[in-house]
Amino acid sequence: EASDIENLKGGTVIFGISTYRGTYLLPPVLKKFHALYPRVHVEICEMDSIDLENKILEGLLDLALIAAPPVRIKHGVDFLMRDEIMIATTADHPVMAFAKPCESEPEQMWIDLKDTAPFEYILGPPSTVLGRTGRRSLREAGVEPLGLDLSASFAAAMAREGVGLAFTYRSCRIMRDEFRYLRIGKDGIFLDLALAWPAGKYRSRAAMALAKLFQEMAPELLKR
């Protein structure tokens, strides 16, 4: 059995990722991983980044995808890719009257959060990185958002129907002609994503193979 695990002919990888980000990033990676290693089982643990950090510190996960820099983890973190927090809306939403093209990317529009003050927001939970960062950015812009508190995926889905504005990740966009994703300010709000390992725990070849595949597919995942 140990030989099978080391030769990627069997075994299990316990992988942690947030539900929202995992919905968009994980399926294509797992599809390819299963094609390469059909007998290696990947067990998914869905949690927010801070909870995933705790699980990593407790040694209960083999690998996790978290927001960086981590809050508690000091070692065993490998940079994966840079993501961006954006505002999800629709092409016919009145907020688009305030959107401006980015100088470096004319096809990408940006918005000053102050110009969004008259419009309703649908915000994700404040316990998440997305919900916390969105609320802080609005406060710094002097905007007191009116709206609902829903899960990040629910909020983004509502925004794509034009019900309100919602924060989302570039990596979690659904690209259609009627959808719009606005950069926040001229410079945008970016965060890094990293793969975290439990310190001092043996890294199986299966876990390392999954991490390598994430690294290889990262550019493709952001372009979707």
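Five salt bridges are counted in this predicted model, a salt bridge being a side-chain nitrogen of Lys or Arg within 4 Å of a carboxyl oxygen of Asp or Glu. Local features need pLDDT of at least 70 and side-chain atom pairs pLDDT 80 or more, while totals for chains, interfaces and linings use all residues. Residues are numbered from 1 along each chain as its sequence is written, and side-chain values use heavy atoms, without hydrogens and water.

**Salt-bridge network**

Glu84, Glu105, Arg170 and Arg183 are linked in a network of salt bridges.

| Arginine 170 | Glutamate 84 | 3.2 Å |

Arginine 183 lies in strand 10 and glutamate 84 in strand 4, so their contact ties together parts 99 residues apart in sequence. Strands (E, at least two residues) and helices (H or I, at least four) are DSSP runs, numbered from the N terminus. Glutamate 105 sits in the loop between strand 5 (100–101) and strand 6 (109–111), 78 residues from arginine 183 in strand 10.

How exposed are these side chains? Three classes apply: buried is under 20% relative accessible area, exposed is over 50%, and partly exposed lies in between (1.4 Å probe, protein chains only). Arginine 170 and glutamate 84 are both buried. Arginine 183 is buried too, with a relative accessible area of 7%. Glutamate 105 counts as partly exposed, at 26% relative accessibility.

Strand 9 is covered on both faces. Ala166 and Thr168 are buried on one side, Phe167 and Tyr169 on the other. Strand 4 and strand 9 run antiparallel and are joined by four bridges; two strands pair if DSSP finds at least two bridges between them. Isoleucine 85 stands opposite tyrosine 169 in strand 9.

The structure holds six aromatic pairs. Rings of Phe, Tyr and Trp (its six-membered ring) pair if their centres lie within 6.5 Å; planes under 30 degrees apart count as stacked, over 60 as edge-to-face and the rest as tilted. The rings of tyrosine 121 and phenylalanine 167 have centres 5.6 Å apart and planes at 20 degrees, so this pair is stacked. Tyrosine 121 lies in strand 7 (residues 121–123) and phenylalanine 167 in strand 9, 46 residues apart. Both tyrosine 121 and phenylalanine 167 are buried. Tyr20, Tyr24 and Tyr169 form one aromatic cluster.

The criterion is NZ of Lys or CZ of Arg within 6 Å of the ring centre and within 35 degrees of the ring normal. The charged end of lysine 100 sits over the ring of tryptophan 110, 4.8 Å from its centre. Arginine 160 lies over the face of phenylalanine 179, at 5.9 Å from the ring centre.

**Two bent helices**

Helix 2 (residues 19–36) has 18 residues and should span 26 Å at 1.5 Å a residue; its end C-alpha atoms are 24 Å apart, which agrees. The expected span is 1.5 Å times one less than the number of residues. Where does helix 2 bend? The bend is at leucine 26, by about 45 degrees, and proline 27 follows within four residues. A bend is the angle between axes fitted to the seven residues ending at a residue and the seven starting there. Buried residues of helix 2 include Tyr20, Tyr24, Leu26 and Phe33.

A kink of about 50 degrees lies at methionine 217, shortly before proline 219. Methionine 217 is buried, as are Leu210, Phe214 and Leu221, among others in helix 6. The C-alpha atoms of methionine 217 and isoleucine 50 are separated by 24 Å, at 167 residues apart along the chain. Isoleucine 50 lies in helix 3 (residues 49–57) and is partly exposed, with a relative accessible area of 31%.

**Strand 3 and its partners**

Five of the six residues of strand 3 (residues 63–68) are buried. Strand 1 (residues 12–17) runs parallel to strand 3, joined by two bridges. Phenylalanine 15 stands opposite leucine 63 in strand 3. Strand 11 (residues 189–196) runs antiparallel to strand 3, with five bridges. Alanine 194 in strand 11 is the bridge partner of isoleucine 66.
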